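Hi,

Here is the structure I promised to pass on. Have a look at it first, and then read my notes below.

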Amino acid sequence: MLPQITPAAPGDRTRPARQGPQRGQARAAVLYLLPTAVILLALLAYPIYQLVVISFYDYGQPQAAGAAPLVFLGFDNYVTLLGDPQFWDVLGATVVFAAVCVVGSLLVGTALAVLATRASPLPRMLLFLAALGAWATPAMAGSYVWLFLFDQDFGIVNEVLGLEGHSWTFERFSAFGLVAAEVVWCSFPFVMVTMYAGIKAIAPEVLEAAALDGATATRTATAVILPILRPLLMIATIQSIIWDFKVFTQIYVMTNGGGVAGQNLVLNVFAYQKAFAGEQYGLGAAIGVVMTVLLLSITGLYVRTQRRAG
Amino acid sequence: MKTRVADVACVVIALVVAFPLYWMVLSALKPAGEIRAADPRPWTLAPTLDSFRRVLAVEDFGLYFLNSLVVAAAVVALSLVVSFLAAVALTRFRFRGRTVLLVMLLVAQMVPVEALTIPLFFLVRSFGDVVPAIGLNELGSLVLVHLAFSLPFAIWMLRGFVAAVPAELEEAASIDGASRFRFTWQVLFPLVAPGLVAASVLSFIHAWNDFLFAKTFLISGTDNRTLPLGLLVFFKPEEQDWGAIMAGATLMTVPVLVFFVAVQRHLVSGLGGAVKG
Amino acid sequence: MLRRAIAAAAIIATATACAPPQADTSGDGGDRTTGQLKVWLFQETSNGPKEGVVDQAVAEFEAAHDDVTVDVEYLPVDGRASRFNGAFNDPDSAPDVAEFGNTDLAGYVASNGFADLTGDLEQWADAGDLVPEVLDTAKIDGRTYGVPWFTGTRALYYRTDVFTELGLEPPATLAELTTTARAIRAAKPDLYGIAVGGKYLFALLPYIWANGGDIARRDGDAWSATIDSAEARAGLAQYAELLRPDICPPAQCAQLTGSQSVAAFAGGKAAMTIGGDFNRAAVDAGAVKDDYAVVPLPGTAPGEIAPAFAGGNLLGVFGSSERRTLAWEFVQLLGGKEYQRKMYAAMGTMPTFADVQDEIATDDPFLAPFIETVQAGTRFVPATPAWTQIDAQSVLPTAVQQVATGQQDVDTATSAAAAEMDAAFAGS
């Protein structure tokens with residue numbers, strides 16, 4: 001996922017336009033936006049609206065097949081959900097898991113970006129190619145590879161570390177850690193590439209000025225580079241939060257659907273189990289709505305704290 | 001940090017990062033006996049295409065592969081055009097509600113798409129009554145759905161690139177007598193090519209990897225199955241046929257890798273250029 | 001004026017769209033006598049032999065009916081839920097005939113997915129030879145929705161070489177099974193005493209049943225969970241005892257499913273396992289192929305056999321089928337005695353007609369312990385749609401795993417399971 005920065009987008013600060021072109025602008029805007037609007041309204045907005053509607057009903061497979069009548073429940077699905085202790089447990093686990101993944105990807109990605117700026121072209125190219133490979137691997141393929149690497153009987157990690165038959169997916173934290181490692185592995189590349197581009201784009205004069213002022217490498221990094229890259233970091237973080245909060249495939253594949261006694265469930269997998277495996281689409285829809293609201297709150301909170309921090 | 005140390009570190013880390021991929025391909029080429037050995041080795045002296053043969057022997061494998069490719073290519077092509085137009089509208093035109101739209105696009109990315117399968121199922125079914133090509137059991141439905149899911153992010157991405165093109169360029173063009181339409185397609189489009197590449201890469205991944213919607217929309221008939229569905233029969237770790245699983249994973253990864261490597265130069269250079277804005 | 005009209009239109013649109021979508025089943029059903037008959041069957045790991053038998057049936061059927069072709073599609077078992085639900089929600093995509101598991105029946109019937117075949121079966125002479133308890137697994141509320149195509153039960157596989165070496169006899173009671181397994185692992189630490197798993201529901205159920213308990217009980221129309229009764233708790237505790245480091249360590253065994261347990265046995269990692277007659281091919285293909293034998297899983301007292309779960313697949317006619325008579329005739333053909341015999345010869349699956357069972361038992365001693373188990377009396381899971389939910393949410397495996405890993409004691413785990421099951425029963 002490639003975040004994009006625009007430190008100062010010239011298009012946003014255009015001079016006041018003349019009257020004629022402005023009306024033409026609105027019309028052209030509508031025309032240009034029409035395909036997007038049609039597609040998104042039909043295929044995203046409407047289903048989301050239906051999702052909310054479904055969450056207010058007792059809606060299962062018999063109802064969907066037209067074999068049973070619809071029963072309006074009001075907020076009952078939400079009450080059931082919020083009263084379920086497992087939901088809160090899974091929510092907590094999801095927040096912590098996502099936080100670890102986000103922080104991990106940002107740290108690894110940024111550190112490697114800095115490393116890449118200091119290296120010669122060929123090693124840098126090798127690093128980028130390897131990273132792109134990690135990023136290109138489909139989530140399902142990557143999950144199975146990591147599962148095999150850490151397999152308790154046939155995995156090479158156990159052989160190298162001398163652990164016979166040790167299961168990495170049995171313990172709760174161990175399983176979460178393994179999945180987090182895979183997620184960081186396939187997420188850090190875009191952080192790395194973006195931060196690298198960001199660092200490279202800093203005008204050399206700025207860095208020279210800092211060096212002339214006698215700043216050490218670390219001080220340059222924290223006091224000069226970081227503030228300039230802050231908008232970039234912010235967008236990278238938001239996108240990472242959105243994506244890592246919704247992780248599904250890796251957890252599902254690597255913990256065999258949620259781990260021993262469901263101890264490795266995250267919200268998206270939990271919703272899938274309830275909605276699809278359990279065929280309780282109404283409850284599943286409620287979970288989906290709650291997830292979206294949660295993400296919105298978390299992202300909003302993050303943006304506000306960043307704004308306040310300057 | 002000295003360059004030499006950085007060089008060595010880069011190479012070492014590159015090897016570590018690439019190792020899982022190496023292991024994937026290696027295991028796909030190992031004979032069954034070596035895969036299930038008590039002491040697996042990071043090499044094999046007896047590479048065999050047996051695992052690949054078993055996976056490729058899946059009936060209609062070539063067809064599934066082609067179907068996945070067709071869907072992904074269609075999504076990329078359409079998403080490029082549509083998201084470019086939208087990004088231009090949102091960046092270079094001034095109108096009310098622009099910020100609201102931008103925020104809505106961000107929010108649209110927050111919805112867990114797995115939750116939308118049932119509403120979309122019935123919606124696509126209704127589409128099929130009117131336009132059969134985009135109804136259930138047709139690849140067109142997958143194209144539409146993935147287009148919709150990759151648009152918000154693509155538009156967000158392109159916004160920055162489009163905005164980075166100076167307004168003066170457009171004014172100069174209009175002074176020269178070029179219509180807005182010409183400017184948009186003949187000047188702006190090529191200028192934001194790197195951004196388009198990045199956006200297209202993500203749309204491709206999204207469509208190529210999809211398993212859930214293919215599973216939900218393609219119910220009867222085997223002609224339109226996509227690759228992940230075809231490989232499902234192998235992805236059963238309980239059978240512990242790791243050779244076949246790794247072969248399947250390799251086959252799924254190779255096209256994406258090829259795509260990435262082909263465009264990686266534009267990817268990095270494009271980001272560098274855009275940031276200079 | 002215009003604005004008000006638009007507002008009104010918007011409100012009407014919202015109101016009419018303000019309900020979850022449902023499939024339109026008004027145009028369903030029909031009885032055409034020509035055209036293409038669509039059939040869905042399950043894809044087995046080695047599907048060749050099955051395809052051979054089915055192709056024969058197709059050829060015979062097409063020869064006997066003019067202008068009729070049969071199109072067979074093989075589905076992977078794992079993805080069947082979305083295929084079947086999709087077919088129920090979009091009747092245009094549905095097949096005419098399908099193979100499905102008997103545990104899925106209740107959920108499918110709740111979606112009006114399959115046609116009521118009670119009348120058709122009454123007119124079919126051969127139907128009288130179907131084993132009654134097996135036929136029961138095809139019934140919901142007294143109406144029959146499918147023809148049992150094959151049945152599968154489980155028994156105790158054990159390693160004859162290990163037993164001979166250690167001077168052991170096959171266990172005569174479940175308690176003896178535990179001590180035997182422990183003794184084997186003590187003597188041979190690299191073997192599991194018995195390979196069973198936390199997710200192996202159909203190995204857990206016989207333990208509960210043998211101890212006199214059950215997982216649920218039916219009172220009139222309502223079901224209630226009985227997994228927290230003393231007997232059921234004893235059974236679950238006895239099963240969880242097997243998932244201990246001295247028999248089958250939880251780190252390896254808590255997550256095992258049925259096929260994984262059998263795979264472990266076939267690979268030579270365990271001295272015993274609970275396996276089905278349908279697992280024969282897998283075990284014969286493994287390292288232990290000449291060194292194993294099978295006995296019925298014992299009960300709690302000597303001479304008793306633990307009631308086994310009557311698994312199996314049914315052949316049914318889709319409710320939305322437009323060729324009902326043709327579909328039923330095909331089911332009669334493929335599910336009839338002749339083709340069940342052929343399927344047994346090709347795949348080793350146990351037929352569901354009592355006379356055919358007896359025939360093959362005399363020819364094949366391998367099946368003897370399984371047939372003995374079947375005829376000693378089999379049981380089934382609650383025949384209600386809520387079972388799909390309970391099964392999907394792994395309520396019982398979770399309880400076993402909690403106990404096996406020591407996270408919860410038996411009472412707490414079973415009480416929690418009972419509460420979840422009751423919630424599911426109440427919601428259905």
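C:Val97 sits opposite C:Val317, a residue of strand β13 of chain C. Keep in mind that this is a predicted model. The two strands involved, β3(C) and β13(C) (residues 311–317), pair in the antiparallel sense over five bridges.

C:Val97 also has C:Val39 standing opposite. That takes us to strand β1 of chain C (residues 35–43), which runs parallel to β3(C) and is joined to β3(C) by two bridges.

So how buried is β3(C)? Five of its five residues (97–101) are buried, so the strand is largely enclosed by the rest of the structure. Both faces are covered: C:Ala98 and C:Phe100 are buried on one side, and C:Val97, C:Glu99 and C:Gly101 are buried on the other.

There's another piece of chain C to look at: an open sheet of three antiparallel strands, in the order β10-β7-β11. β10 (272–276) and β11 (292–295) of chain C are the edge strands, each pairing on one side only. On average, neighbouring strands in this sheet are turned by 35° against each other, ignoring direction.

Helix α12 of chain C (residues 258–266) packs on that sheet and touches β7, β10 and β11 of chain C. The direction of α12 makes about 125° with that of β10(C).

Back in the sheet, β7(C) (residues 154–159) runs antiparallel to β11(C), and four bridges join them. If you want a pair to click on, C:Leu156 has C:Val295 in β11(C) as its bridge partner.

Cheers

Note on methods. Residues numbered from 1 in each chain as written. Chains lettered and ligands numbered in written order. Predicted model: local features only at pLDDT ≥ 70, side-chain atom pairs only at ≥ 80, totals over all residues. Heavy atoms only, no water. Pairing = 2+ DSSP bridges. Axes fitted to C-alpha atoms, helices over the stretch in contact; angles between N-to-C directions. Contact = heavy atoms within 4.5 Å. Buried < 20%, exposed > 50% of the residue type's maximum accessible area, 1.4 Å probe, protein only.
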